[in-house]
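Please look through the structure shown below with this briefing beside it.

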Amino acid sequence: MKQVVQNYKSGELTLLDVPVPGCKADGVLVRSAFSLISTGTELMKVSEAGMSMVGKARSRPDQVAKVMQSVATNGVPATYRKVMGKLDSYTPLGYSLCGVVEQVGSGIDDVSVGDLVACAGNEHALHAELNWVPKNLYTPVPDGLAPRHAAFGTVGSIAMQGVRQGEPQLGEVALVIGLGLIGQLVVQLLVAAGVRVVGVDPDPTRCELAERLGAAACGDPSSAAVEAAVAELTAGHGVDQVYLAAGGGSNEPVELAARLCRDRGRVVDIGKCRLDLPWNAYYEKELDVRFSRSYGPGRYDPSYELEGRDYPIGYVRWTERRNLACFLDLAARGSVDVEPLISHIADFDDAVETYQRLKDGDLKAVAVLFRYPGSVESPAEAVAPAVTVPEVKRRSGAAATPARATRTPVRLAFVGAGNYATSMLLPHLANREGVALSTVVTTTALSAANAQRKFGFAQATTDLDAVLGDKSIDAVFVVTRHSSHAELTRQALLAGKTVFVEKPLALTEDELAGVLAAVEESGNDRLQVGFNRRFSPLLQEAKKRFGTRTGPASLRYLVNAGQLGHGSWYLQQGTEGSRFAGEGGHFIDTASWLLGADPVSVYSIGTSGNEDLQIVLRYPDGSTATISYVTSGPAAFPKETLDMVADGHALRLDDFVRASVYGRKRWVSSRLPKARDKGQSAELAAFIKAVRTGGPMPVPLESLVATTAATLAVQTGLAGGAPVTLARTR
């Protein structure tokens with residue numbers, strides 16, 4: 001296996017082939033998925049290793065003192081050989097990771113092979129493909145927490161132990177000096193504890209990040225704004241506690257702490273900074289100076305860390321392992337968000353280059369992760385979560401829908417008459433030749449009556465059964481709220497109706513399975529989902545001009561969804577699903593139609609709260625589609641822009657207003673379209689034709705199912721933090 005090591009004498013960093021560690025009793029063998037680079041502690045060690053011998057001695061006076069003691073005890077030659085031997089050897093790096101249990105040692109009964117765990121320890125949670133970890137230095141990862149987030153467990157525990165030492169109380173005000181990785185976590189933990197926070201850091205981007213994560217105000221240590229914020233928040237008394245999360249040789253942090261702390265306040269040292277305490281300032285305020293020792297009680301105790309002897313909870317409430325579990329729980333519940341702290345994710349094979357870039361300043365980062373080959377967030381991972389795309393089964397011998405007489409109108413019923421139905425569908429049907437609007441069904445009588453009056457329905461009712469039992473009705477449109485789509489579709493299919501259901505078809509895998517069970521039971525597969533964009537005349541023409549592909553394509557789709565208005569039912573995620581689950585199928589279907597296939601895997605990541613999403617779809621021929629679904633963009637920016645590149649050709653769509661294709665010749669659509677046509681009219685025309693003639697539905701059912709499964713897989717991927725394979729049943 002491979003492991004990152006460093007020669008402290010020469011400063012050489014390398015990815016070394018080393019033996020796989022054995023799985024001893026009272027511990028587990030863990031295959032790493034993600035490990036975290038501590039941009040503070042580890043970079044300090046890397047920088048020190050590159051110093052001259054004099055520089056090393058100056059940076060580690062504690063080690064010099066040990067050497068001098070050894071000289072006094074063992075003499076110069078023996079001490080020299082000992083020191084040189086230790087310096088001229090490889091030492092490991094890393095102390096915080098998440099991985100999968102590969103083997104369980106005797107005496108372990110709380111995890112099993114295949115479980116995801118977070119691990120701690122600078123001797124056990126190393127940057128290595130496999131690590132043996134004793135039982136008090138790992139903890140199971142809560143359901144729903146992404147592996148890359150769980151890799152923050154150790155540094156989160158360090159921050160948590162520091163906060164515990166400060167004993168924060170509800171309503172207090174704290175000052176955090178140093179907004180690196182630990183400082184950012186301290187800010188979030190304090191905010192979660194009901195404390196108002198002022199942050200200090202010379203880097204304005206770190207100050208902005210801390211404010212986004214909950215700090216009341218942040219600024220440069222020399223800025224008058226910091227003192228003004230403290231004065232305003234504390235009525236001039238000063239902060240209740242100060243957390244020193246800074247490094248370096250400056251004494252400014254401890255001096256600033258004394259200046260801004262209240263009388264008898266608490267100062268907690270978490271980082272490794274200079275601590276020349278100004279005696280008068282600390283004496284006059286009788287400041288309580290405390291130190292936070294790493295991850296918590298148990299650290300540096302071999303009986304706890306190596307022998308697995310836990311401390312009774314009645315005597316030691318928060319041990320190393322309990323802190324680790326507590327932090328992961330907070331992250332899983334969203335009380336702490338580490339995603340904004342991730343500046344870069346590097347493949348483990350690029351570890352040496354990544355360290356060099358950090359050391360040289362080419363890569364400026366708060367947190368950097370190593371992603372390991374075959375990790376649980378790698379598309380190649382065999383144990384990555386999978387969503388099964390259900391097989392479409394039809395009852396054998398089911399009769400095809402008979403063709404209708406040419407002059408007989410297609411009789412339609414609408415279940416639901418909300419904004420989309422009345423603005424985007426019914427206007428295209430109300431006066432269409434050969435169509436009769438038979439019945440409109442709504443949950444409230446008034447909305448049904450309004451639709452009847454406006455669009456000329458023959459009947460208006462709130463009785464769904466009357467519609468499903470009416471043999472004269474040929475097709476049913478389901479245009480209700482998302483949570484009812486699958487069940488209403490299922491009922492209509494069982495009633496023998498052709499169904500047009502507005503997206504989404506289903507919000508869960510169980511709902512999708514229920515729809516397909518109705519298809520199998522009834523033999524009725526006459527179903528269309530309102531994925532209208534593939535019917536857009538502009539996009540149809542652009543695809544035709546692009547021509548037939550021979551190689552894989554790269555497709556990029558930016559959806560500037562915008563903010564929802566207050567009170568929108570789309571925000572009712574508990575009942576109506578996520579916003580993307582509701583409309584994301586549009587964009588997946590469009591990409592799949594352009595690429596001529598259904599996706600085989602989905603990888604999705606999101607910003608804090610999953611407001612903005614990045615979704616990567618992989619297709620059988622190697623094509624990829626990236627959908628950026630964002631709500632934070634400006635309203636003036638186009639809603640949808642799409643690019644597809646392959647075989648020396650490029651297609652661009654600008655918000656269904658203009659399209660262009662670049663190849664041997666350039667084609668550009670008219671600059672002045674009559675309207676932004678997203679295909680609803682053409683889609684409805686194709687649907688009505690299929691109903692009238694009994695011919696194939698506009699989109700094969702298998703494609704509708706694949707798009708729905710891929711849409712559901714986005715949420716699965718967000719929850720699990722891993723790519724999702726779309727496994728098809730056979």
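**A residue and its surroundings**

Leaving aside neighbours within four places in sequence, Leu595 is in contact (heavy atoms within 4.5 Å) with Arg549, Ala553, Leu555, Tyr619, Ser623, Thr624, Ala625 and Met644. This is a predicted model, in which local features need pLDDT of at least 70 and side-chain atom pairs count only at pLDDT 80 or more, while totals for chains, interfaces and linings use all residues. Residues are numbered from 1 along each chain as its sequence is written, and side-chain values use heavy atoms, with hydrogens and water left out.

**More on Leu595**

- Leu595 lies in helix α22, residues 579–595, where helices (H or I, at least four residues) and strands (E, at least two) are DSSP runs numbered from the N terminus.
- With a relative accessible area of 5%, Leu595 is buried; buried means under 20% relative accessible area, exposed over 50%, and partly exposed in between, using a 1.4 Å probe and protein chains only.
- Although Leu595 and Ala553 are 42 residues apart in sequence, their C-alpha atoms are 7.3 Å apart in space.

**A buried helix face and the cysteines**

- In helix α10, which spans residues 252–260, the buried residues are Pro253, Val254, Leu256, Ala257, Ala258 and Leu260.
- The elements that cover these buried residues of α10 include β9 (173–177), β10 (196–200), α9 (224–234), β12 (239–244), β13 (261–269) and α11 (279–285).
- Cys261 counts as buried at 1% relative accessibility, and Cys207 is buried too, with a relative accessible area of 7%.
- A search of the whole structure finds zero disulfides, a disulfide being a pair of cysteine sulfur atoms within 2.5 Å.
- The closest cysteine sulfur to that of Cys207 is in Cys218, and because it is 5.3 Å away, it is too far for a bond.

**Two packed helices**

- Helix α19 (residues 509–522) and helix α24 (residues 701–720) pack with their axes 10 Å apart and at an angle of about 165 degrees, which means that α19 is roughly antiparallel to α24.
- Axes are lines fitted to C-alpha atoms, for helices over the stretch in contact, and angles run from 0 to 180 degrees between N-to-C directions, with those over 145 counting as roughly antiparallel.
- Where the two helices meet, Glu509, Leu512, Leu516 and Val519 in α19 touch Leu701, Val705, Thr708, Ala709, Leu712 and Thr716 in α24.

**The chain as a whole**

- The chain holds 24 helices and 32 strands, and buried residues make up 51% of its 730 residues.

Key. Angles under 35 degrees count as roughly parallel, over 145 as roughly antiparallel, 65 to 115 as roughly perpendicular and the rest as oblique.
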